[in-house]
Amino acid sequence: MAYRILTINPGSTSTKLGCFEGEKELFTMNVSHDAEDLKKFATISDQLPYRKDMILNALKEANIDLSTIDAFVGRGGGLMAVEGGTYTINDIALDHARRGANGIQHPAQLGPQIARGFADEYQKPSFIVNAPDTDELCLEARITGIKGVYRNVHLHALNLKETAIRHSNNNGWNYEDKNYVVCHIGGGISVSAHQKGKMIDGFDIVGGEGPMAPTRCGSIPAAELIRYCFAHDDMKEVLALTTKTGGFVSHLGTSDALDVSNRANAGDKDAKLVWDAMIYQLIKCISAMAGVLHGEVDGILLGGGMVHNKELVARLTNACQWIAPVSAYPGEFELEAMAAGAIRVLEGKEQVKEYTGKPVWTPDQLD
């Protein structure tokens, strides 16, 4: 029996939908939401009826009968940090998604709410797969050089994990038996170390770590950042450099990676320097994650939209293939990954997990 899964991935101005029967994609769609309409809602969760109605209309036009769906999967925004895996959307997860319990307001909070609503209506299970706040850091990775300041991690966990699982399956391996350095290179850039099925380290892309990205500053020398903060007293403006106004935007006034690449190849010196610097920083970060794995790396895996750029892949391959073979998986597989996680649980290949609402790690655990 091939299970039929509906996946729901809300973004800032659209909601991506996917319907899968086993590995077969039956339907995918990007439902656009007018930015002016969204401004009318005071909170992310207030958007729920508006988005749900638009989703139902899109599904009706695509002739998707929700009564035929075996499970519903929503992107897991708003939750506390958890170990990777597939979680049932229980009452605690639903409440945390509604409130944004982790303090980060993001449309992904609507994913569990919409999925659970459909599941309750049709008496089917609902899941979250490798939530945005997946945290499997080893203890050493949490410690900084300032007592009382600890590292958190925010990465493209869903796509990173799916890329590693796909690569393992393609080679007849188990993800849990292999070590990888896995990158997501797109509008945001994540670089992570995977050891025997656990993402034990990675650069915090929300906290200002890792390579610069189209809208993110990446790692900054602490002393220079402190001086910058004292010279700019608007905290929101400074924090925006980590997620919205850093990287390409800060240097070149654009977040369009293709435009920057084209300008660099056409001889624009500023664009070339920034493009080359991003690649240079990627190489450093990949090498650092290989070091975390003690050089025991079975593959360096590149995913994300920028991986469609063959020149980028070639340069990273030439620089890093001495560590391990480099494999490219252009684009992202978020909808497919969400469906695959649900199917693994329904087929009994993976144990479903229960969301407790307690973060996977707190400083109290050091006592």
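Which residue caps the N-terminal end of α3? The legends below describe a predicted model.

**View 1. The N-terminal cap of helix α3.** Asparagine 90 caps this end of the helix. One of its side-chain oxygens lies 3.2 Å from the backbone nitrogen of isoleucine 92. After α3 comes glycine 100, which has a positive phi near 70°.

**View 2. The buried side of helix α3.** Ala93, Leu94, His96 and Ala97 are the buried residues shown in α3. Because these residues cover an arc of only 165° around the axis, they lie on the same side of α3. In general, an α-helix has 3.6 residues a turn, so residues three or four places apart point the same way. The cover over the buried residues of α3 includes α4 and β6.

View 3. Helix α4 comprises the 13 residues 110–122. At 1.5 Å a residue it should span 18 Å, and its end C-alpha atoms are 19 Å apart, which agrees. Its buried residues include Leu110, Pro112, Ile114 and Phe118. The elements against which the buried residues of α4 pack are β1 (4–10), α2 (48–61), β4 (71–74), α3 (91–99) and β6 (126–129). Just after α4, glutamine 123 adopts a positive phi of about 55°.

**View 4. Serine 261 in helix α10.** Serine 261 belongs to α10, which covers residues 257–265. With a relative accessible area of 2%, serine 261 falls under the 20% cut-off and is therefore buried. Leaving aside residues up to four places away in sequence, serine 261 touches Trp275, Asn309 and Glu311. With asparagine 309, serine 261 makes a polar contact between side chains, at 3.1 Å.

Conventions. Residues are numbered from 1 along each chain as its sequence is written. This is a predicted model: local features need pLDDT of at least 70, side-chain atom pairs count only at pLDDT 80 or more; totals for chains, interfaces and linings use all residues. Side-chain values use heavy atoms; hydrogens and water are left out. Helices (H or I, at least four residues) and strands (E, at least two) are DSSP runs, numbered from the N terminus. The expected span of a helix is 1.5 Å times one less than its number of residues. Buried means under 20% relative accessible area, exposed over 50%, partly exposed in between (1.4 Å probe, protein chains only). Contact means heavy atoms within 4.5 Å. The arc is that of the directions from the helix axis to the C-beta atoms. A polar contact is a pair of N or O atoms within 3.5 Å; within protein, one must be able to donate a hydrogen and the other to accept it, and residues adjacent in sequence count only if both atoms are side-chain atoms.
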